[in-house]
Structure formats: structure tokens, C-alpha cells
Amino acid sequence: MVEGNKIYMGLADDEARSRVYMQLGQSNRHGLIAGASGTGKTITMKVMAESFSAAGVPVFLCDVKGDVSGICEPGADNAGMQKRIDKFGIRDTFQFRGYPTVFYDIYGRGGHPVRTTVSDAGPALLARMMGLTDVQEGVLNTVFRIADDKGLKILDLKDLRAVINFVSEHRNDYTISYGNMAPQSLGAITRALIPLEEQGGNTFFGEPALDILDWIRTAPDGRGYINVLHCVETIRYPKLYAMFLLWMMAELFEVLPEVGDPDKPRLVFFFDEAHMLFRDMPKALTDKIEQTVKLIRSKGVGIYFVTQSPSDIPDSVLAQLSNRVQHALRAYTPAEQKAVRAAAQSFRANPAFKTEDVIMSLGTGEALTSFLDEKGIPTIVQKTSIICPESLMAPAPEATKQTCMNSSPVFGKYDTAVDNESAYEVLEKQSQEDAERKALEAERKALEEERAKFEKEKEEAAKKAEKEAEKQRAAEEKAKEKKKAEAQKKKDRRNAKIESQLISAGGSILKRGLLGILKFK
């Protein structure tokens, strides 16, 4: 609930029952809402979100259990609520009402689809999500570099798979320019895509990609839109959830201009189950988050981490969270007792009580709070009863959610996926052209071989015909010689017969002369 330039958070447990406020002008210094399950973290988050919205500040929050969706529906009146209204002294200002809400869902079932491209996510986030080693991450970076140099757009996972296959097939061509890429590393990256696809990566990566500026909108009545990310299914895949949050912070940091210290934030984020963001986080990414949290303040963005214990957040990030709400913690083990002590020591001490003892005795809806004052100085810790939300403290009916989606300012913008030409299509086309080129080359080669075979057979046939002709000529010549020889023999026999007859007849010398004449003829 907004009062001037302050958010009324609740009543302090002191003699004066003084009101506890969070300064709008200091709320981009980030914050933490911590506490064990069932202690009231969600109520505190809703109170803050409603107040920011009422102040004209757009809000983004994660709905991991499905109960935050009720923020779009007026709360239910009952005797208990009337007592709380009187307790907090808000009879004249409190009204049951819903807030302008836009629902989103990575899977596109509980809200408008949320997508980004693989290129926008980048190799560092993908490597973390796929659990790659440092060497494999280096190879993935090289794959992205080759894709950029070749003008191949990596929009979705099938594009990434296509580029990896292309690089694998031509890796020897790139070794000199980009360094060695072991087939084992490329194979490991390809295998790591399978669980990513199964977790919903094919839905999350693609177009139209989310324009994060769509989250910085105000409704016609001047209230900021509350953008609710339906995470009931997403939370089952912590790596996908964490990668989405990391991408979102990086995208905001890149897109938003510097605004210094505005009177109120341009946008406020609530990251529920924040421990998932830092679980097994490589130091490089932790450093990146710390840097983003530090610098994004000057862009007018407030980030509030919601988790069970402050120990879930790395100290380097925790140090940047100036507005603190600590609900009850339980300490049954030495590790839990240590976490309680650490949480108590993070507050500016109040001489009226021992912070460590109070943390373990808080009831539902109670919290230890410390917010920055007008000068940016942390106030002393106060035991505070958190004010009640104006919206429904339960999941919204599906009909109400559908009405919100149909009337949202982004209706129809993201609801239908678009598959534009990108690396997969380009490489598929190139592969088909290569296949056609190879087929034509094989056909040309086959024709040449057929022609060569034909010419060879033709030459062999000609040689054979020539040989047959030669053989025929030889046979004819032989037959001719034989005929001539037979004619000569016949002539010789005839002459011999005549000679014999003449000799037999006892011819004279004259007869012999005549015989000689006959021989001569």
C-alpha cells in the first residue's frame, strides 16, 4: 500500500506500534525476502508487488506454486480480513481489488509464451545449462564464432544442432583459423542437447523473441502491469529456470539506459526460489550476476530475491541487497543454527531484542524487516506484522486468467511461434545443393564412363572387323592361289598327256619341235 513516496509494509512490534515503510526512492537498491516454507514469503512478495503497481511501477514475479496468480482477482472479504484491516489502520484506504496482470509461461500453457533465441542466450548460459566442462564450453564458443563468421543465425536448438554437425563435418578446415575441436567434445555437446530439448528448450528457444520492454508498461489507470511468469512446470527443471533468470537480468542490463537514482524504479523483479539461480554456479557466472546486480540499480531496476535462507545467496550478491524481510527460520541442525546466526548478523541491531532469538520465534505473517531510509541508511531491525494484500490470496480461476490474457497489451504478439530462415534452413539447403551437385557429378562421371566404354567397344569392334576383313582377304588370296595352282596343275597334266601321246606315236623330230612350240604356248 502506497502512502506518498513510501510503501506501507506493516506495523512494528514496539510500544508505539509504529508503521514500517519502504522508500520508493530506495527500492532499486534491491532486496531479500527470506524464510522457511509457510512463513509468509509469498504474502510479503504480493504486498510489495501490489504497492509497486499502485505507484505506477511495472513488476515481474515468478509464480512457482500457482498461488500468485490471484493477484489479478479481488481478495475475499471475511471476518479475519476485517480484523486485519482494522489492525493495520487502513479502513479508509484499503479496497479489495485485482491488479493489471499479464501472464507468461515458458511452455505457453499458463500464459503468453516466453522465447529467446539461442544466440541471445549465448554459449556461457547454454554451457551451464547443459553441464559442459570448461573444454566443451570453449568448443561451444568456437562453434558460435564460426556461425557468426559464416552469417548463420542460431535461433533455435535445431539451428544449433545443425551448426554443430556442420562444424564436425568440416572441423579440419577450421583447425588452423579457430583451433582444434576434438570430435569427443563436439559429440558431448550434441548429446547434452537431448535433455535440454526434453526440458522444453525447443519451446523456449525460437521466435518471436520476447521484447523485454513489453514488461515496462502501465495500465490505462496508471498502475504498473504485474507480469507473472507461470513456473509450476518450469520449476521442475531448475537449470532451465535459472538460465531464464540469468538471461533476463543480462537482457535488462543490455537494453535499458542509465537513469541514475529515480524517484521510483522503472521495473522491479521478484525471483522466487532464488537458491536455484546459484546452485552449482560457476564462479564466472556468479561474478557476472554480482556485477549485474551492482550496476543495474543505475538503470532503475530493483531485484528482489525470494528464498528460504540468506545463506542460499552468495555473500558477494547478498551484500548488494539493502532492503531485507526475514521471516521465521527453523534451526534443528548445527548448519541451520549457523544460518540463523548469519541472518541475524546481517541486520542492524535493535537494542530492544536479540535478533537471533526472534528469527526462530516469528509467527506466520511476521518478519524482521530493515529498509533503507530517505538517506539510504539501513534502519534498525524491527519485528513487523506484514500488511494484508488487497488481491486474492489463492490461485485465480482459469476463466479470469484467460480474460487477462485476451485483454493483455501483448495479446497475439507471442502466441504463435514463427520459424524464420536460419542456420538449419541455410545448411539444409546447402546440403541439398551439395547432394544435387554430387548427384550431377556422379551422373556426369557415369556418362563419361559409359561414353568411354562405348568408344572402347567401338574401337574393339573396328579392330575385330578389320581383323576379320584381313582374315577374309587372306582366305580369298589363298583360295585364289589355290585355284591358280590347280589350273597350272591341270595345264601341266594336259601338256604331259599330249607329250606322252606324241612320244608314243613315235613322232619325228619335227613332232618334237611342234611339241616344243605347244609347250611354249
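Which helices each supply at least two residues of the lining of the largest pocket? They are helix H3 (118-130), helix H4 (134-149), helix H8 (238-255) and helix H10 (283-296).

## Basis of the report

This is a predicted model, in which local features need pLDDT of at least 70 and side-chain atom pairs count only at pLDDT 80 or more, while totals for chains, interfaces and linings use all residues. Residues are numbered from 1 along each chain as its sequence is written, and side-chain values use heavy atoms, with hydrogens and water left out.

## Overall form

The chain contains 16 helices and 13 strands (DSSP runs numbered from the N terminus: helices are H or I with at least four residues, strands are E with at least two). Its radius of gyration is 47 Å, whereas a compact globule of 521 residues would have one near 24 Å; the radius is taken over C-alpha atoms, and the globule rule is 2.2 Å times the number of residues to the power 0.38. Along the principal axes, the C-alpha atoms of the chain fill a box of roughly 190 × 45 × 40 Å.

## The largest pocket

The largest pocket has a volume of about 350 Å³. On a 1 Å grid over the protein atoms alone, a pocket is an open set of points where a 1.4 Å probe fits, with protein on both sides within 12 Å along at least five of seven lines; lining residues have an atom within 4 Å of a point. Grid points are joined across faces, edges and corners, and the volume is the space filled by probe spheres set on the points.

Of the 17 lining residues, Ala-127, Arg-128, Asp-280, Pro-282 and Leu-285 are the closest to the centre of the pocket. By class, the lining has nine nonpolar, two polar and six charged residues (Ala, Val, Leu, Ile, Met, Phe, Trp, Tyr, Cys and Pro count as nonpolar; Asp, Glu, Lys and Arg as charged; the others, Gly among them, as polar).

## Helix H4 and its partners

The axes of H4 and helix H5 (residues 157-169) come within 10 Å and cross at roughly 95°. Axes are lines fitted to C-alpha atoms, for helices over the stretch in contact, and angles run from 0 to 180 degrees between N-to-C directions. H4 is therefore roughly perpendicular to H5 (65 to 115 degrees). The contact of H4 with H5 has nine nonpolar, no polar and no charged residues.

The axes of H4 and H7 come within 9 Å and cross at roughly 85°, so these two helices are also roughly perpendicular. In their contact (heavy atoms within 4.5 Å), Val-135, Gln-136, Val-139, Leu-140 and Val-143 of H4 meet Ser-185, Leu-186, Ala-188 and Ile-189 of H7.

## Backbone details

A cis peptide bond, with omega about 0°, joins Glu-207 and Pro-208. Pro-208 lies in the loop between helix H7 (183-204) and strand E8 (226-230).

Conventions: Angles under 35 degrees count as roughly parallel, over 145 as roughly antiparallel, 65 to 115 as roughly perpendicular and the rest as oblique.
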